[in-house]
Amino acid sequence: MTEGCVFNEKVHAFLIGSFYREMKAAKGPAGVECFIKAVQKTAEQRGHRMALRAMRDEMPLDYNTYMAYGEIYATIPGKTEMAGEYPDAETRVYSCAWHDTFWEMDLAECGLVYCKEIDRGIVRGFNPELLFEQKSVLHNAPCCRLVFKNAALDNSVPVSGDAKKDWDYHCGHYYKTFGEYVRTVFTDGEEIIKNVDEKFAERYGENYLDVLHGYLETDFNLIER
């Protein structure tokens, strides 16, 4: 964690919401489509990194490994439960920091778009052969329902502490990748990014923005040696 800057799930959600708002405001439906592509890419990159660590440890790319090699860890409590009929596994999410932050930003529509893509993208990046279904999204339903088909979870794979990444890393990942998409797709992409920077610095301070800028040279397709 960067000294003096406490990154967490809500900072992450605010950054996502800021990109959504500025992209949609500048480009309308085209901005939303670009946002979706950026979400898909960041999700796939995270799943890909999980797979690389698992392969390095000679672990199979199944759902037991997937659950053990997740990169994120909770700092803000949410309400979830496990359900589903074996061998399927279903996670039901009744409250989370992203949902709360998007609603605080009056961006429930962002949540509907983002939450539809993120988990399926991570699974796809980890192993596209795994079957996944999202039955509902918390933003317009009582809970998110994430179904991991034929998971056959048995706690046989110990949780990988090495896989966990701090929230400044995840925010830096989104900042870099979303920025790349905005610059690539739109001729005035720099103006959109400038607006995101201003909103983010206004909310959290210039030091937090400097941390994000510090990740611009990071290759998020690879893992540390």
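The largest nonpolar core here takes in 68 residues, and the ones with the most contacts inside it are Phe7, Leu15, Phe35, Tyr114 and Phe200. Helix H2 puts in the largest share of this core, with 10 residues. Keep in mind that this is a predicted model.

**Inside the core**

- As a rule, nonpolar side chains in soluble globular proteins tend to be buried together.
- Leu15 is one of the core residues with the most contacts inside it.
- Leaving aside residues up to four places away in sequence, Leu15 touches Cys171, Tyr174, Tyr175, Val196, Phe200 and Leu212.
- Phe200, one of those Leu15 partners, is also on the list of residues with the most contacts inside the core.

**Lys27 and Asp188**

- These two side chains form a salt bridge, at 3.1 Å from N to O.
- Lys27 sits in helix H1 (residues 9-27), while Asp188 is in the loop between helix H6 (167-185) and helix H7 (189-204), so the bridge ties together parts that are 161 residues apart in sequence.
- Lys27 is partly exposed, at a relative accessible area of 29%.
- Asp188 is partly exposed too, at 32%.

**Arg124 and Glu44**

- Here the salt bridge comes in at 2.8 Å, N to O.
- It links distant parts of the chain, with Arg124 in helix H5 (residues 108-126) and Glu44 in helix H2 (residues 29-56), 80 residues apart.
- H2 has turned up already, as the source of the largest share of the core.
- Arg124 counts as partly exposed, with 31% relative accessibility.
- Glu44 is also partly exposed, with 27% relative accessibility.

**Lys149 and Glu133**

- The side chains of Lys149 and Glu133 meet in a salt bridge at 3.5 Å, N to O.
- Lys149 is in the loop between strand E4 (144-148) and H6, and Glu133 is in strand E3 (residues 132-136), so this pair ties together parts that are 16 residues apart in sequence.
- Lys149 is partly exposed, at a relative accessible area of 27%.
- Glu133 is partly exposed as well, at 30% relative accessibility.

**A salt-bridge network**

- Some charged residues go beyond simple pairs: Arg49, Arg53, Glu71, Lys165 and Glu224 are linked in a network of salt bridges.
- Arg49 and Arg53 are the arginines in this network, and Lys165 is there as well.
- Glu71 and Glu224 are the glutamates in it.

Notes
Residues are numbered from 1 along each chain as its sequence is written. This is a predicted model: local features need pLDDT of at least 70, side-chain atom pairs count only at pLDDT 80 or more; totals for chains, interfaces and linings use all residues. Side-chain values use heavy atoms; hydrogens and water are left out. A salt bridge is a side-chain nitrogen of Lys or Arg within 4 Å of a carboxyl oxygen of Asp or Glu. Helices (H or I, at least four residues) and strands (E, at least two) are DSSP runs, numbered from the N terminus. Buried means under 20% relative accessible area, exposed over 50%, partly exposed in between (1.4 Å probe, protein chains only). A nonpolar core is a set of buried Ala, Val, Leu, Ile, Met, Phe, Trp, Tyr and Cys residues joined through side-chain atoms within 4.5 Å. Contact means heavy atoms within 4.5 Å.
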